[in-house]
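Me: I am new to this structure and would like to know what lies behind the words used for it. Please set each value against its definition.

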Amino acid sequence: MSLTLEPNKEKLAYVSNRHPCFGQGPNVNKGRVHLPVSPTCNIQCAFCKRSINKLEQRPGVTGKLLKPQEAADIVKKALELCPEITVAGIAGPGDTLDTCFAIDTFELISKRHPDLINCLSTNGLLLENYAEKLVEVGVRTITVTVNAVNACILKDICLFIMYGGKKYEGLEGAEILIEAQKKGIKKAVELGAVIKINVVLIPGVNDGHIEEIAKTAAELGASFINIIPLIPQHMFADKAEPTCNDLHKARQTAEKYLPVFRHCQRCRADACGIPGRKEVADLLYDYRGIEQTFSHG
């Protein structure tokens with residue numbers, strides 16, 4: 001049986017109406033559970049600092065790591081706590097394709113909860129390699145973080161990548177990542193996945209590059225784009241945070257090419273509930289506190 005799912009307006013509308021992070025407006029009555037099963041990452045972004053703690057409220061952070069079986073088991077509890085959940089997502093705390101754990105988890109969830117939308121976030125370095133397997137285990141929505149499509153810009157954001165057992169830095173690493181992202185996005189779209197592009201808006205680095213990113217993403221077949229403001233930390237601790245006007249201009253620019261998702265809550269890798277309205281991760285995991293910072297999703 002072919003894995004190809006022909007893209008169509010009905011499928012896009014279905015996802016937009018049921019996924020709280022895909023679409024042009026907030027799905028205020030739809031929830032998601034993030035399952036923190038991916039411990040490592042194959043790239044290093046200048047703004048990203050992964051962490052295991054109970055306090056920080058941002059992507060790249062979880063209170064603990066789960067094994068695939070544990071993650072699949074916890075979905076049942078999540079649905080009991082929040083019946084409005086329509087999405088099982090894996091977004092870290094590392095890259096979801098750097099290990100096999102995300103795919104193994106989705107394989108279990110697809111059998112137990114076939115009505116849930118399986119959603120994966122990735123930097124895209126290995127997306128082409130695993131696109132067919134992702135579709136095979138039920139993943140239908142994929143978010144790819146693309147912070148530049150020009151290697152001269154990306155080299156200042158992505159410090160290095162690990163690819164094929166080798167470390168690539170600077171311009172070389174940026175070029176490899178961009179090509180891999182393009183091939184991966186295109187292949188996933190061809191297989192029928194709905195793609196959203198996340199862009200971290202970094203003043204003085206990629207803020208003048210948003211149009212090229214959005215245009216390229218649209219040409220590759222992405223359906224949505226999400227512009228996320230940098231909160232300075234790690235190697236970019238000295239960078240200015242984008243203003244509301246900066247963010248508005250970037251979203252207006254991107255919207256010439258793709259529908260813009262404007263309601264991102266910058267969730268932890270173990271978030272659970274309805275974003276911004278009903279969070280039940282404290283009850284699900286029983287280990288969290290509160291603090292606002294940001295990495296990437």
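**Values and cut-offs**

Me: Why is Asp73 called partly exposed?
Reply: Asp73 has a relative accessibility of 41%. Buried means under 20% relative accessible area, exposed over 50%, and partly exposed in between (1.4 Å probe, protein chains only), so Asp73 counts as partly exposed. This is a predicted model, in which local features need pLDDT of at least 70 and side-chain atom pairs count only at pLDDT 80 or more, while totals for chains, interfaces and linings use all residues. Residues are numbered from 1 along each chain as its sequence is written, and side-chain values use heavy atoms, with hydrogens and water left out.

Me: What makes Asp73 and Arg112 a salt bridge?
Reply: Their closest N and O atoms are 2.7 Å apart. A salt bridge is a side-chain nitrogen of Lys or Arg within 4 Å of a carboxyl oxygen of Asp or Glu, so the pair qualifies. It links distant parts of the chain, 39 residues apart: Asp73 is in helix H2 (residues 68-81) and Arg112 in helix H3 (residues 101-112). Helices (H or I, at least four residues) and strands (E, at least two) are DSSP runs, numbered from the N terminus. Arg112 is partly exposed, at 39% relative accessible area.

Me: How many salt bridges does the structure hold?
Reply: The structure holds 10. Among them is the pair Lys76 and Glu80, at 2.9 Å from N to O. These two residues are 4 apart in helix H2, and therefore separated by about one helical turn. Lys76 and Glu80 are exposed. Another pair is Arg262 and Glu255, at 3.0 Å from N to O. Arg262 is partly exposed at 30%, and Glu255 is partly exposed at 34%.

Me: Why is Cys119 called buried?
Reply: Cys119 has a relative accessible area of 8%, so it falls in the buried class. Cys41, at 18%, also counts as buried.

Me: Which residues of helix H8 are buried, and what makes them line one face?
Reply: In H8 (residues 244-254), Leu247, Ala250, Arg251 and Ala254 are buried. Seen down the axis, the buried residues fall within an arc of 95° (taken from the directions from the helix axis to the C-beta atoms), so they line one face of the helix.
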